[in-house]
Amino acid sequence: MGNGMGLSVREMELDLKQYQLQKINELLIFVTQFNEFYKEKFRSLCLPIRTMEEFRKLPFTTKEELVQDQQLYPPFGRNHCYPETSYVRYHQTSGTSGKPLKILDTEESWNWWRDCWVEVLKSSGVTNRDRLFLAFSFGPFIGFWSAYEAAKKMGALVIPGGGQSSKERLYSMIENQATVLLCTPSYALHLAEVAEEMGIDLPSTSVRAIITAGEPGGSVPSTREQIETRWGAAVYDHAGMTEMGAYGYSCSVRNGLHINEAQFLAEIIDPETLQPVKEGERGELVLTNFSRYGYPLIRYRTRDIVLCSSAPCSCGNPYRFLPGGIIGRADDMVVVRGVNIFPSSIETVVREFIEIKEFRIVYYTEHKMNQVKVQIESEADVEWRLADRLRERIGIRIDVERVAPGSLPRFSMKAKRVIDERNHQQQVG
């Protein structure tokens, strides 16, 4: 692909599409020879693919397929292109939306993961002069493993925070003069809460930037603003999946996510009709990773809901921009009294009240109809104001219940703020 110098926007778009089509064909030629999962899935495929329209006729790949394949061919399934002895990394999905999926990477694929994260760090303004604090307990979940490798490649100092309490992590950040914090949005707010209890003035510390992952909060304006206010630091969002890779990152404008189109092809479809959505509509993000030959995914349904937009970002990055980042997940949406509700839509409103320390969303059934309420921890009387604003923004009445301080759980990894009590079957999701 050309570097874009001296090219018009239209020429750069054509250049990118030609490059992506070339990468897709290279991938398809490889997997149809060496990958048993895709060899079966694409057995009638004629190569090369000549247009993106031809590519969009290929079947989607789903997580359910991959999990089933691992059950039929334990323990790792058939979505691998190399002998098992070639693999050096093991990770698995978090399991919040079903049975965990086991993922293996070769050294080459893991280096690709790392390089994708290098782009995340660079877009957040990280250099080799920074000191990165990783508030993450290193386990089989992908978390910030690849961020650690990327920081090493860039020559930045990495300070691990695994196995430490929140207080210990705060002390370590301060004593070691960390400049960048990597954690979930929920944990950034929890650390701010702990710091307040300890009498620590976070804006006076050396932390200047926070890179978030694992939840939509980093691209939710009210959540981002609350984190930035409490820390006195700029928040940069990032999007990635254990099974896909680190595909999206914030820029200097910080009001959405750019797709790393050099490494991923993005499509946005209607999750019901499976057809591309129109400009300005919400849809499900479908991704293909070009260079993770150890664990390739082609037309993978992420279940992440995004806004379809062709408008360029004002930062000047020509790669596809998703305004507002990840809006929610298709499997998180609940219809309440005719209104589609995503947890992130409720969070957007709740985080506008800095008095609220923590919250939880509860779905339940009443008179055979879906209902929703929000439980909050707050020292101030904000129930009525929050209820009014939720009704105004969401479009339906949502009850607000104030609970005792400290009674709601806090999270260092992916937050689980949704309790589903419908049909008297409680599920945590």
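Start with Arg89 and Trp110: in this predicted model, Arg89 lies over the face of the Trp110 ring, 4.3 Å from the ring centre.

Next, select Arg299 and Phe55. The charged end of Arg299 is placed over the ring of Phe55, at 6.0 Å from its centre.

Now turn to contacts between rings. A pair of aromatic rings is described by the distance of the centres and the angle of the planes. With centres within 6.5 Å as the rule, the count for the model is 16 aromatic pairs.

Select Phe136 and Phe144. Their ring centres are 5.9 Å apart and the planes meet at 85°, so this pair is edge-to-face; the angle cut-off for that class is over 60 degrees. Colour by accessibility: are Phe136 and Phe144 buried or exposed? Phe136 is buried, at 1% relative accessible area, and Phe144 is buried too, at 5%.

Move on to Phe138 and Tyr148. This aromatic pair is also edge-to-face, with 6.3 Å from centre to centre and 75° between the planes. Phe138 belongs to the loop between strand E3 (131-134) and helix H6 (145-154), while Tyr148 is in helix H6, so the pair ties together parts 10 residues apart in sequence. Phe138 is partly exposed, with 30% relative accessibility, and Tyr148 is partly exposed with a relative accessible area of 30%.

Finally, select Trp117, Phe136, Phe138, Phe144, Trp145 and Tyr148 together: ring pairs link these residues into a cluster. The two edge-to-face pairs visited above, Phe136 with Phe144 and Phe138 with Tyr148, have their members in this cluster.

Key
Residues are numbered from 1 along each chain as its sequence is written. This is a predicted model: local features need pLDDT of at least 70, side-chain atom pairs count only at pLDDT 80 or more; totals for chains, interfaces and linings use all residues. Side-chain values use heavy atoms; hydrogens and water are left out. Rings of Phe, Tyr and Trp (its six-membered ring) pair if their centres lie within 6.5 Å; planes under 30 degrees apart count as stacked, over 60 as edge-to-face and the rest as tilted. Buried means under 20% relative accessible area, exposed over 50%, partly exposed in between (1.4 Å probe, protein chains only). Helices (H or I, at least four residues) and strands (E, at least two) are DSSP runs, numbered from the N terminus. A charge sits over a ring if NZ of Lys or CZ of Arg is within 6 Å of the ring centre and within 35 degrees of the ring normal.
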